[in-house]
Structures are given as structure tokens and as C-alpha cells.
Amino acid sequence: GYSRMASDPFEMGCTKPPTAPRNLTSHFLSPSSLLLSWEPPSDLGGRREVLYKVQCLERAGGSSWDDCGESVQWGSDSEGLAETGVNITGLHPRRDYRFSVCATNTVSDSQ
């Protein structure tokens with residue numbers, strides 16, 4: 001549902017978390033790096049701010065999916081990204097990767 005932050009102005013209505021980012025794409029840069037990009041959510045939930053969280057999972061051979069190790073990096077923290085794209089480095093050519101991006105705002109972070 002809808003929520004309010006204690007710091008919201010009285011005249012501001014209730015807001016909600018944003019919808020999911022759209023059109024997540026990856027662009028091959030080299031055998032060990034790629035550019036991950038997306039479009040902003042279609043609904044920002046009635047707020048101006050939107051931040052993105054990136055999750056990376058990796059799998060070697062037929063093993064299970066695990067969080068990516070420290071070798072996989074991007075320029076900033078995986079949470080609180082303001083841009084709609086990130087360069088990812090440290091990928092291993094013989095592993096499979098899954099990336100997901102979710103959008104957040106101050107309302108979704110407080111729930």
C-alpha cells in the first residue's frame with residue numbers, strides 16, 4: 001500500500017514504492033565485463049526520488065546459483081544507485097550470471 005514519511009510535508013499525499021525498472025539489458029564489453037542498463041519505472045509511486053539496487057548471482061557449471069563473489073564489481077555500491085546503468089567487471093567467462101535490478105524510494109526503504 002500507500003505510506004507517508006514522518007518528514008513529508010502535511011499537504012503531500014500518501015505515496016507508495018515504485019514499480020519495477022523496465023527493459024533491463026546487458027551489453028557485452030569484453031569477456032570479463034558488461035554494461036547493465038535499464039529504464040526508470042513507469043510509476044515512481046508519487047515520489048520524486050528513485051534509487052536502484054542491483055543483485056548478481058553466479059553459477060559455475062551445473063551448480064546452484066550463489067551471490068556473486070568479490071571479484072565481480074561495479075563502480076558504486078550495489079544499493080542506492082541513482083543512475084540507470086552500471087559497468088560490471090570481474091566476470092569469469094566460464095560462469096553463468098543473473099542480474100536483477102529493483103527500484104526503491106524512501107517509502108519502500110522504510111517498510
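1. Aromatic pairs. Rings of Phe, Tyr and Trp count as a pair if their centres lie within 6.5 Å. This is a predicted model, and by that rule the count comes to 2 aromatic pairs. Trp-38 and Tyr-52 make one of them: the ring centres are 5.4 Å apart and the planes stand at 65°, so the pair is edge-to-face. The cut-off for that label is over 60 degrees. The pair links distant parts of the chain. Trp-38 sits in strand β2 (residues 33-39) and Tyr-52 in strand β3, 14 residues apart. Both residues, Trp-38 and Tyr-52, are buried.

2. The stacked pair. Tyr-97 and Phe-99 also form an aromatic pair. Their ring centres lie 6.3 Å from each other, with 15° between the planes. That arrangement is stacked, since planes under 30 degrees apart take that label. Tyr-97 is buried, and Phe-99 is buried too.

3. Gly-85 and its contacts. Gly-85 belongs to strand β6 (residues 85-89). Which residues does Gly-85 touch, leaving aside those up to four places away in sequence? They are Leu-36, Ser-37 and Trp-38. Trp-38 is also the edge-to-face partner of Tyr-52. Along the chain, Gly-85 and Trp-38 are 47 residues apart, yet 6.3 Å separates their C-alpha atoms. Is Gly-85 buried or partly exposed? Its relative accessibility is 26%, so Gly-85 counts as partly exposed.

4. The disulfide. The count comes to 1 disulfide. It joins Cys-56 to Cys-68, with an S to S distance of 1.8 Å. The link of Cys-56 and Cys-68 is left-handed, with -60° about the S-S bond. Distant parts of the chain are linked by this pair. Cys-56 lies in strand β3 (residues 51-60). Cys-68 lies in the loop between β4 (66-67) and β5 (73-74). The two cysteines are 12 residues apart.

5. Buried means under 20% relative accessible area. Cys-56 has 6%, so Cys-56 is buried. Cys-68 has 18% and is therefore buried. Cys-102 has a relative accessible area of 36%, so Cys-102 is partly exposed.

6. The sheet. Strands of a sheet pair through backbone hydrogen bonds, either parallel or antiparallel. Which order do the 3 strands of the open sheet follow? The order is β4-β3-β7, and the pairing is antiparallel. β4 and β7 (95-104) are the edge strands, each pairing on one side only. β3 and β7 run antiparallel and are joined by 10 bridges. Across from Arg-59 stands Asp-96 in β7.

7. The largest pocket. How many Å³ is the volume of the largest pocket? The volume is about 150 Å³. The lining consists of Val-54, Gln-55, Cys-56, Asp-67, Cys-68, Gly-69, Glu-70, Val-72, Gln-73 and Trp-74. Both disulfide partners, Cys-56 and Cys-68, are among these lining residues. β3 and β5 each supply at least two residues of the lining. Which strand gives the largest share of the lining? That is β3, with 3 residues.

8. Strand β3 in review. β3 returns in several of these points. In the open sheet, β3 stands between β4 and β7 in the strand order. For the largest pocket, β3 provides the largest share of the lining.

Note on methods: Residues numbered from 1 in each chain as written. Predicted model: local features only at pLDDT ≥ 70, side-chain atom pairs only at ≥ 80, totals over all residues. Heavy atoms only, no water. Helix = DSSP H or I, 4+ residues; strand = E, 2+ residues; numbered from the N terminus. Buried < 20%, exposed > 50% of the residue type's maximum accessible area, 1.4 Å probe, protein only. Contact = heavy atoms within 4.5 Å. Disulfide = S-S within 2.5 Å. Pairing = 2+ DSSP bridges. Phe/Tyr/Trp six-rings, centres within 6.5 Å; stacked < 30°, edge-to-face > 60°. 1 Å grid on protein atoms, 1.4 Å probe; cavity = no way out; pocket = protein on both sides within 12 Å on 5 of 7 lines; lining within 4 Å. Points joined across faces, edges and corners; volume = space filled by probe spheres on them.
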